[in-house]
Amino acid sequence: MHIANAEVLVANPGRNFVTLRLTTDDGFVGLGDATLNGRELAVAAYLREHLTSLLIGLDAHQIEDTWQYLYRGGYWRRGPVTMAAIAAVDTALWDIKAKVAKLPLYQLLGGRSRNGLLAYGHASGVELPELYESIHRNLGQGYRAVRVQTGVPGLGSLYGVAASENASTGGGERRYDYEPARRGAVPLEERWDTRAYLRHVPTVFEAVRNEFGPELPLLHDAHHRLTPIQAAKLGKALEPYDLFWLEDVTPAENQAALRRVREHTTTPLAIGEVFNTLWDYRSLFEEQLIDYVRSAVTHTGGITALRRIFDYAAIYQIKSGVHGPTDVSPVGLAAAIHLGIAIPNFGIQEYMRHSAETHALFRPRYTFADGMLNPSEEPGLGVDYDDEIAQAHPYEAAYLPVNRLLDGTMHDW
Ligand code: EZ4
Ligand code: CO
């Protein structure tokens with residue numbers, strides 16, 4: 001069984017997605033997600049110009065060897081573009097192998113380890129009443145865990161907070177997901193003041209705990225914006241509100257920063273949505289500096305590579321917390337759900353829910369009920385790609401926002 005065709009598909013059913021479709025000489029089709037938000041065409045070009053020709057004629061069963069061939073063989077290793085491209089190939093080959101075996105993909109990963117994946121939703125509000133309403137809406141949709149992002153007095157539109165009308169997805173529901181992301185040639189600019197944020201956030205979590213009680217798992221994302229000592233201070237200040245996790249407190253390229261944070265707080269830490277390989281986690285794991293791994297299948301070299309990361313994490317009692325924003329396509333999310341149901345150290349899965357147009361294009365068969373995600377029971381990933389629908393939604397340039405301090409200095413986003 002050899003790879004006979006490799007197609008790179010780009011479409012914008014509400015936001016941009018890059019999908020790789022591999023077809024074997026005996027007619028099996030596999031899909032992989034290669035979406036890198038705001039840099040989509042770089043991965044599409046990497047695949048089209050440099051990988052598709054290498055794939056034709058390879059034995060589609062040789063997933064590990066193909067992974068090594070693309071990773072070692074490229075000479076230039078790691079990085080989000082390379083690893084998203086490799087992820088798409090790897091995921092598509094797992095999809096094919098599972099279809100050949102006539103099994104849902106998770107069965108090839110060792111079978112089911114739990115009844116479903118606990119998922120967390122996104123709640124946000126500029127002010128408390130809106131935030132409460134947003135949390136109630138999540139609970140009404142069945143979520144049993146909620147990420148809480150808040151506006152900060154004195155600052156305008158902020159990361160993670162559905163403040164603008166164009167973040168609305170109909171039915172009056174305001175949803176933060178940059179869906180649509182700011183379309184056009186340049187990104188939106190936001191303003192940031194860490195002192196104001198650090199003063200305000202603990203008051204919001206106190207209010208939310210008083211309103212919703214002690215049990216509901218609450219998460220928060222600081223989006224790489226703090227210095228080590230600021231992160232330590234926030235973690236400590238949030239301890240009374242018993243967070244499930246605090247995410248991306250510092251830009252973790254500097255893994256040593258997490259030592260300082262850990263010295264000061266028992267608030268659990270989650271990191272890794274911008275990481276691409278196991279090597280990015282090495283000291284975070286070995287020194288037990290984090291509690292949850294945020295990597296997505298899509299940005300970390302696929303199922304093969306992410307499973308290896310989770311196995312390494314498991315020996316330090318570190319769990320999965322896979323990135324699941326709407327810029328990971330239903331193909332990438334389906335892969336995460338198959339992996340998450342099988343691994344021993346599952347923690348939680350982010351689930352933001354895609355738009356109706358996105359569902360029409362990919363027809364994902366994973367399910368979400370009572371706050372839990374479950375993989376499809378059909379052979380493979382349980383996701384399709386409808387070319388006609390894709391043609392009706394061509395690529396449109398769109399960018400994530402950038403972030404500046406009040407004096408105009410560029411800051412982390
Ligand atoms: O910034 O998905 O935890 N989730 C996040 C997301 C990411 C975007 C990047 O494409 O931080 O909002
Ligand atoms: Co995040």
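Two strands are taken to pair if DSSP finds at least two bridges between them. Strands (E, at least two residues) and helices (H or I, at least four) are DSSP runs, numbered from the N terminus. The structure is a predicted model, in which local features need pLDDT of at least 70 and side-chain atom pairs count only at pLDDT 80 or more, whereas totals for chains, interfaces and linings use all residues. Residues are numbered from 1 along each chain as its sequence is written, chains are lettered from A and ligands numbered from 1 in the order in which they are written, and side-chain values use heavy atoms, with hydrogens and water left out.

By the pairing criterion, strand 4 (residues 117–125) runs parallel to strand 5, to which five bridges join it. Within this pair, A123 has V148 of strand 5 as its bridge partner. Strand 4 is also joined by two bridges to strand 13 (residues 348–350), again in parallel, and here Y120 is partnered by E350. With strand 15 (residues 372–374), strand 4 forms two bridges in an antiparallel arrangement; L118 stands opposite M372 of strand 15. Eight of the nine residues of strand 4 are buried, where buried denotes under 20% relative accessible area, exposed over 50% and partly exposed the range in between (1.4 Å probe, protein chains only).

Strand pairing was also found for strand 17 (residues 402–405), which runs parallel to strand 7 (residues 189–192) and is joined to it by four bridges. R191 has R404 of strand 17 as its bridge partner. Two bridges connect strand 17 to strand 18 (residues 410–411) in an antiparallel manner, with N403 partnered by H411 of strand 18. The hairpin of strand 17 and strand 18 has four residues between the strands, and G408 in this hairpin takes a positive phi near 100°.

Two histidines are found in the loop between strand 8 and helix 7 (228–238), namely H223 and H224. H223 has a phi near 50°, a positive value in a residue other than glycine, and H224 likewise has a positive phi, of about 65°. Most residues other than glycine have a negative phi. H223 counts as buried because its relative accessibility is 3%, and H224 is buried with a relative accessible area of 7%.

Three cavities of 30 Å³ or more were found in the whole structure. On a 1 Å grid over the protein atoms alone, a cavity is a set of points where a 1.4 Å probe fits but cannot get out, and a pocket is an open set with protein on both sides within 12 Å along at least five of seven lines; lining residues have an atom within 4 Å of a point. The largest cavity holds about 80 Å³ of space, and its lining includes W192, D221 and H223. Strand 5 (146–150) and strand 8 are the elements that give two or more residues to this lining.

The largest pocket contains about 970 Å³ of space. It is lined by 39 residues, of which N37, E273, V274, L400 and W413 are the closest to its centre. Strand 17 and strand 18 each supply at least two residues of the pocket lining.

Definitions and conventions: Points joined across faces, edges and corners; volume = space filled by probe spheres on them.
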